[in-house]
Amino acid sequence: ISGPDVGAVNVILAVNSTGICIVTNAERVLLQLTYIEIHSIALLHHQAEKQFQLLTVQGYEFVYQSPSADVITDLVQWVINSLKQISKYFIAIQDYSPPGGGGLLNMKRGDLIALEEGEREGDWLTGYNVLTGDWGEFPATSVRVLPTILQPPLHIVAHFNKEGALDGTLRAKAIQRIIPMENKHTLEQYCKKSFREPLGLENLWQHSPQPLRLPLHKSLQSHPQKDVAVTGYMGVLKYMGDLPIPAGKQTDMTEIIFQGPMEHEVLRDELFCQLMKQLTDNKSLNSEEKGWELMCLATGLFAPSSEVLKELRLFLSSREQPMAYDSLQRLEECLTHGNRKHPPHWTEVQAMQQKVPITHTILFPNFTEQRFEVNSTTRIGDLVQHIGDRLNFQSAEGFCLVVSIRDKTVALANEEFLFDSIQEICSWVASDSSFKKGQSQRFLYELMYMRKVWLTMVPGKDRIADVVCHYPQEVPKYILGYQKCSKSDAAVLGALIFRADNGDRKLDLLDDSKKLMAKLVPPYHLKLQSNKEWKKAISEVYKKQMGMTSEDAKINYLRFVFPWSTFGSSFFDVKQTT
């Protein structure tokens with residue numbers, strides 16, 4: 001209805017996890033906005049037709065009409081609010097110049113500030129100035145949270161320095177393109193010194209739907225892995241849609257594309273150059289989008305050599321696409337955390353295709369579950385700590401993640417990457433089964449959080465961990481008959497288990513049925529007397545525990561069995577075969 005000219009009036013507004021994209025019906029991108037750039041979005045209620053206003057920090061004021069105006073505004077505002085709740089990045093809205101010393105942070109209006117982990121509450125916050133690197137405390141009233149989970153590009157942050165950008169009064173009549181086409185970095189110069197001579201009409205540094213007969217780099221022309229490089233490029237073309245591929249097989253191409261570079265470091269430079277080539281002057285919106293998916297996946301797996309790393313950084317930083325910035329951030333994380341061992345898991349590929357964060361369900365011994373966000377560089381130890389922090393455990397020491405696939409249950413090593421470990425276990429299970437190659441990635445699995453090391457555990461010291469993990473992990477060992485005790489002790493433990501399950505003043509639920517008694521008394525004790533006699537013994541103890549809560553019963557159970565030599569042990573069924 002009004003606003004700066006983007007090149008079309010009737011447009012499609014695409015909303016995803018990175019921002020808003022304005023495109024034509026032919027899917028040509030007209031304008032991309034990250035959520036950081038959106039100052040506000042609001043429904044215009046006084047209009048006869050459904051309309052909404054979109055205001056950016058650059059001063060672009062758009063008014064659009066759409067039957068879905070209310071849905072669009074609600075969705076964008078929900079994403080922005082959700083990102084703000086987990087963001088650690090803030091923009092300084094005013095100068096703050098404290099006296100020297102005292103651990104206070106000096107900042108100027110428009111500075112980008114990153115908070116220390118876990119620092120979100122209170123009148124004073126602790127963090128660092130991204131521009132200067134200085135650390136210190138500062139008043140919370142001096143900053144405003146930005147809707148992002150990754151460090152925002154500095155060329156976007158620079159807009160906040162303009163008068164009126166923060167309060168929404170800035171207005172711009174025309175859209176200023178941040179990066180003109182002629183300033184986008186390409187491999188043209190790198191190609192002249194590092195690539196082979198083109199065969200015929202081959203274009204070695206710009207997009208082409210034609211397959212390569214030889215690798216791009218001179219150094220690979222006589223290399224034993226040159227055929228692997230060419231096969232990987234065929235996979236790139238098929239994934240991006242430049243070559244036909246059977247329906248549903250696109251995700252399978254990622255193993256072909258990444259397996260060679262994962263095994264042979266010399267092929268990593270080749271893959272990054274293949275991707276940069278196919279993303280240069282690509283006229284197909286769909287092909288380009290798929291190419292950026294591959295670039296994001298690649299930058300989360302490994303880094304190239306220093307020479308290609310320089311080209312890659314220039315290439316990514318000269319592109320306006322949100323996925324270019326995501327790729328740059330993933331590359332820096334990879335350089336910090338180290339390279340992966342295996343190609344991306346199908347869960348990573350699907351999340352990349354759907355443009356959503358990876359959220360993983362974690363199961364707990366007390367039959368509850370929660371979802372946690374993970375990424376390609378998530379190490380298991382970091383996730384274990386994060387889970388413990390969210391559950392308010394006093395310490396995550398001694399806890400671990402356990403993966404369950406088919407009939408296999410394996411504890412994961414804290415120092416490994418999450419998806420590398422899952423890939424290894426899937427491959428191990430597949431090698432012991434009659435599955436086709438490539439199917440191992442599609443195994444369904446479950447991740448469980450539980451205590452592995454019990455040496456420092458003391459009942460009652462961490463009540464939340466006792467209820468969530470310790471009690472539900474220990475009770476089955478006793479009920480299955482792995483831990484021995486006297487008949488009188490069995491009555492006490494049976495009463496505690498019944499109270500833990502049902503609470504106080506629930507004696508009417510206690511019966512002498514075989515099903516219930518099997519949940520309260522181990523099999524070797526059930527044989528000693530009738531179920532009726534066990535009910536009577538358990539009832540007498542239950543009455544003596546009057547007033548004890550379900551949570552207290554669980555902790556008292558742990559205190560009762562804690563002195564046993566088998567407390568915290570793992571038990572295995574074994575069979576002698578010779």
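What follows is a walk through salt bridges in a predicted model.

Across the whole structure, a search finds 14 salt bridges.

**First stop: Glu307 and Lys193.** Select these two residues; their side chains form a salt bridge with an N to O distance of 3.6 Å. Glu307 sits in helix H8 (residues 306-317) and Lys193 in helix H3 (residues 188-194), so the contact ties together parts that are 114 residues apart in sequence.

**Second stop: Glu416 and Lys341.** Here the side chains meet in a salt bridge at 3.1 Å, N to O. Both residues are in loops: Glu416 between strand E15 (408-411) and helix H12 (418-431), Lys341 between helix H9 (322-337) and helix H10 (346-354). The pair links distant parts of the chain, 75 residues apart. Is Glu416 buried or exposed? Its relative accessibility is 18%, and the cut-off for buried is under 20%, so Glu416 counts as buried. Lys341 has a relative accessible area of 46% and is partly exposed.

Arg499 counts as buried, at 0% relative accessibility, whereas Asp504 counts as partly exposed, at 22%.

**Last stop: a network.** Select Arg340, Glu348 and Asp420 together; salt bridges that share partners join these residues into one network.

Definitions and conventions: Residues numbered from 1 in each chain as written. Predicted model: local features only at pLDDT ≥ 70, side-chain atom pairs only at ≥ 80, totals over all residues. Heavy atoms only, no water. Salt bridge = Lys/Arg side-chain N within 4 Å of Asp/Glu carboxyl O. Helix = DSSP H or I, 4+ residues; strand = E, 2+ residues; numbered from the N terminus. Buried < 20%, exposed > 50% of the residue type's maximum accessible area, 1.4 Å probe, protein only.
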